[in-house]
Amino acid sequence: MRDRVVDGPWECRRLDEIASAFTESRFARTYVPDPRYGAPYITASDMLLADLKGLHHLSRKNTPQLSRLIVHEGWSLVSCSGTIGRTAYVRGEMQGLAASHDVIRIIADEASVAPGYLFAYLTSSPAQALIQQRTYGSVVQHIEPHHIADLPVPLPDPAEQQRIHDL
């Protein structure tokens with residue numbers, strides 16, 4: 001599969017050359033019933049929901065690393081534990097949500113790649129197959145950002161990337 005992507009019609013660059021990918025460390029979750037005192041929290045399963053009402057809220061007071069958990073519009077999120085490779089694009093209504101440690105956050109370098117195009121590629125069959133090949137664990141599958149750092153990303157011309165991003 002990798003050869004088919006690399007030998008395709010477009011220049012390919014490594015994911016770590018055009019984006020940064022990271023996770024956050026595990027943390028104790030303290031939920032609060034009143035949204036005024038917490039930040040909406042999404043798990044790897046929640047990130048695929050169309051309706052984000054009813055999310056748990058992490059306590060602002062008892063989550064010192066909360067600012068590092070926040071996701072921003074235009075990022076791509078990839079599940080990295082359990083069902084590997086589920087991918088979501090952080091859309092406007094997701095801005096400011098806190099994401100689980102089981103989510104790889106991918107931030108496109110917009111000078112190199114359109115964020116929506118990168119998301120579309122990450123959800124494609126070739127990218128999903130390449131991501132699945134990198135998993136480890138016998139009972140619960142896992143993947144880390146460094147496992148996908150060299151993922152080849154084909155880069156059509158900027159106008160085509162923008163067209164895909166706009167979709």
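Biologist: What makes β4, β3 and β7 an open sheet?

Modeller: In this predicted model, the three strands follow the order β4-β3-β7 with mixed pairing. β4 (57-59) and β7 (98-99) each have a single partner strand and stand at the edges, so one side of each is left without a neighbour in the sheet.

Biologist: How do you know that β3 and β7 pair?

Modeller: Pairing requires at least two bridges between the strands, and two bridges join β3 (residues 38-42) to β7, with the strands running parallel. Ala 98 of β7 is the bridge partner of Tyr 41, and because the count of two bridges meets the cut-off of at least two, the strands are taken as a pair.

Biologist: Why is the set of 24 residues called a nonpolar core?

Modeller: The name requires buried residues of the listed nonpolar kinds, joined through side-chain atoms within 4.5 Å, and the largest such set has 24 residues, with Leu 15, Ile 106, Leu 118, Tyr 121 and Val 153 having the most contacts inside it. The largest share, four residues, comes from α4. Leu 15 touches Ile 106, Leu 118 and Val 153, among others, not counting residues up to four places away in sequence. A second, separate core of 14 residues includes Leu 55 and Leu 77.

Biologist: What makes up the lining of the largest pocket, by class?

Modeller: The largest pocket has a volume of about 240 Å³, and its lining has eleven nonpolar, two polar and two charged residues. Among the lining residues closest to its centre are Trp 10, Tyr 117 and Pro 154, while α4 gives the most to the lining, with three residues.

How values were computed. Residues numbered from 1 in each chain as written. Predicted model: local features only at pLDDT ≥ 70, side-chain atom pairs only at ≥ 80, totals over all residues. Heavy atoms only, no water. Buried < 20%, exposed > 50% of the residue type's maximum accessible area, 1.4 Å probe, protein only. Contact = heavy atoms within 4.5 Å. 1 Å grid on protein atoms, 1.4 Å probe; cavity = no way out; pocket = protein on both sides within 12 Å on 5 of 7 lines; lining within 4 Å. Points joined across faces, edges and corners; volume = space filled by probe spheres on them. Nonpolar A, V, L, I, M, F, W, Y, C, P; charged D, E, K, R; others polar.
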